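Here is a brisk report on one chain. Keep the sequence and the coordinates open while reading.

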Amino acid sequence: MTVPSTSRDSRRSATEPDDYLERRKLRRGSAGWLLLTGLGVAYVVSGDYSGWNFGLAEGGFGGLAIAMVLMGTMYTCMVFALAELSSILPTAGGGYGFARRALGPWGGFLTGTAILIEYVLAPAAISIFIGDYVESLGLFGLESGWPVYLACFIVFIGIHLWGVGEALRFSFVVTGIAVAALLVFALGALPGFDASSLDDIPVDSSAFGASSWLPMGLLGIWAAFPFGMWFFLGVEGVPLAAEETKEPARTLPWAIRWSMGILVALALLTFFTAAGARGSSAIQDAGNPLVEALQPDGEPTALSRIVNYAGLAGLVASFFSLIYAGSRQLFALSRAGYLPKFLSLTSSRKAPYLGLLVPGAIGFALAAGTGNGARMLNIAVFGATISYALMSLSHIVLRRREPELPRPYRTPGGVWTSSVALVLACAALVATFLVDVTAAFIALAVYLVALAYFGLYSRKHLVAKAPEEEFAALAAAEAELSRD
């Protein structure tokens, strides 16, 4: 892409060597729509196996059901908006690139950093859950602890370093196993389904609007928002594979929509069958709710063991895919100068090796140092909700400000669709303070430190020839020409 250069853009890129972008190239054309659809499901599938059920303790069956519907609506609306945005700007920057054009450098950095918080913290949390599963299954006599976490990061980052095509195919196979097991679980749980078990959580009579369906009252619906998100958290990462995709302007919208459709079906199937088979009260605090749902007497069965192993596969799929997403977001921010530029260097196999190793080291340190997976996931949710609000706002701004921008795919409902996503994302952000105020403030502190770095240093050293920056510069040049 060649764009008119303003004097400011020239100053930004003057110090960068001619081979700057050549040393920061990803392997193009490695993924088609099928692998990308699998990637979208892989980001999320572990959330069907665990985590969502803690929302039953916050809002009861009715509260979590409403939260799931509202959060599903938010993700569906946002996914349609992202499908349009990714067809306009198919680069590795994803949400950062969209916000950069719509909201300027500050908006781009705010969005990219929020996404990065999500994709660094979530794998750290999932590595702990993998350790718990390994211990509960008695695999090799291992206990959950830092050796297991370290093995996860070393093995799966190693596969990513091997190459993106190999990594996505591995993810696709593991995700297929996890999805197939969810279908097997549903078939096995349906014979024991009892609708009267859905609302068996004791009612808090002091809560406003409390009933058997809403045992914690109306406020319980709001408190359950973050857990309703766990059925879909991460699907927004599909556009981060844009530069490694065949025909991205056509492939990305297709993959994003198919991923979301599959996830909605799996969420409904998992939620109702698990709660109805054993009862909401029995699974609300379980680390492996699907396994608990299949063990009414507490004794393992052949089916519960299969689902238990599949749960481990689901965790591996999400862990593996989130590492990929985090590395690509870090790569894009670094390549454009928002973060230290050496982090975007790529290997001979076109893998951003430092973009994989540095977040991996941070994630392992957090997992080994805290052992608190739930808190890290809550911090990840905080970052996610900020990015959702800003990406939805970006869609609205670009539709209003640049209506003539070529759009190979257009969001059904236009800005009304992205406005729904924006409102629900803001509501979900506030809900994170209801669930874990400590996690929310930790995430906010990290966010403020990152913003200080950008404000004091990196905003003065951006790289104008990075794809996302060129795209924004083109918009600025066109706007200047139209004014003249």
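## Basis

The model is predicted; local features need pLDDT of at least 70, side-chain atom pairs count only at pLDDT 80 or more, and totals for chains, interfaces and linings use all residues. Residues are numbered from 1 along each chain as its sequence is written, and side-chain values use heavy atoms, with hydrogens and water left out.

## Nonpolar core

A nonpolar core is a set of buried Ala, Val, Leu, Ile, Met, Phe, Trp, Tyr and Cys residues joined through side-chain atoms within 4.5 Å. Buried means under 20% relative accessible area, exposed over 50%, partly exposed in between (1.4 Å probe, protein chains only). The largest core holds 144 residues. Tyr49, Trp52, Tyr75, Ile130, Met229, Phe271 and Tyr388 touch the most other members. Helix H5 (residues 95–137) gives the most to this core, 20 residues. Helices (H or I, at least four residues) are DSSP runs, numbered from the N terminus.

Contact means heavy atoms within 4.5 Å. Leaving out residues up to four places away in sequence, Tyr49 touches Tyr133, Asn288 and Val307, among others. Asn308 sits in helix H13 (residues 302–335). At 10% relative accessibility, Asn308 is buried. With the sequence neighbors up to four places away excluded, its contacts include Tyr133 and Asn288.

## Helix H16

Helix H16 (residues 415–435) has 21 residues, which should span 30 Å at 1.5 Å a residue; its end C-alpha atoms are 30 Å apart, in agreement. The expected span is 1.5 Å times one less than the number of residues. Among the buried residues of H16 are Val415, Leu424 and Thr432. The buried residues of H16 pack against helices H4, H8, H9, H15 and H17.

## Cysteines

The disulfide count is zero, with a disulfide taken as a pair of cysteine sulfur atoms within 2.5 Å. The sulfur of Cys426 is 14 Å from the closest cysteine sulfur, in Cys77, too far for a bond. Cys426 is partly exposed at 39%. Cys152 is buried at 7%.

## Salt bridges

There are five salt bridges, each a side-chain nitrogen of Lys or Arg within 4 Å of a carboxyl oxygen of Asp or Glu. Arg399 and Glu84 pair at 2.8 Å, N to O. Arg399 lies in helix H15 and Glu84 in helix H4, so the pair ties together parts 315 residues apart in sequence. Both are buried.

Glu402 and Arg101 form another, with the closest N and O atoms 2.4 Å apart. Glu402 is in the loop between H15 and H16, Arg101 in helix H5, 301 residues apart. Both Glu402 and Arg101 are buried.

Notes: Helix = DSSP H or I, 4+ residues; strand = E, 2+ residues; numbered from the N terminus.
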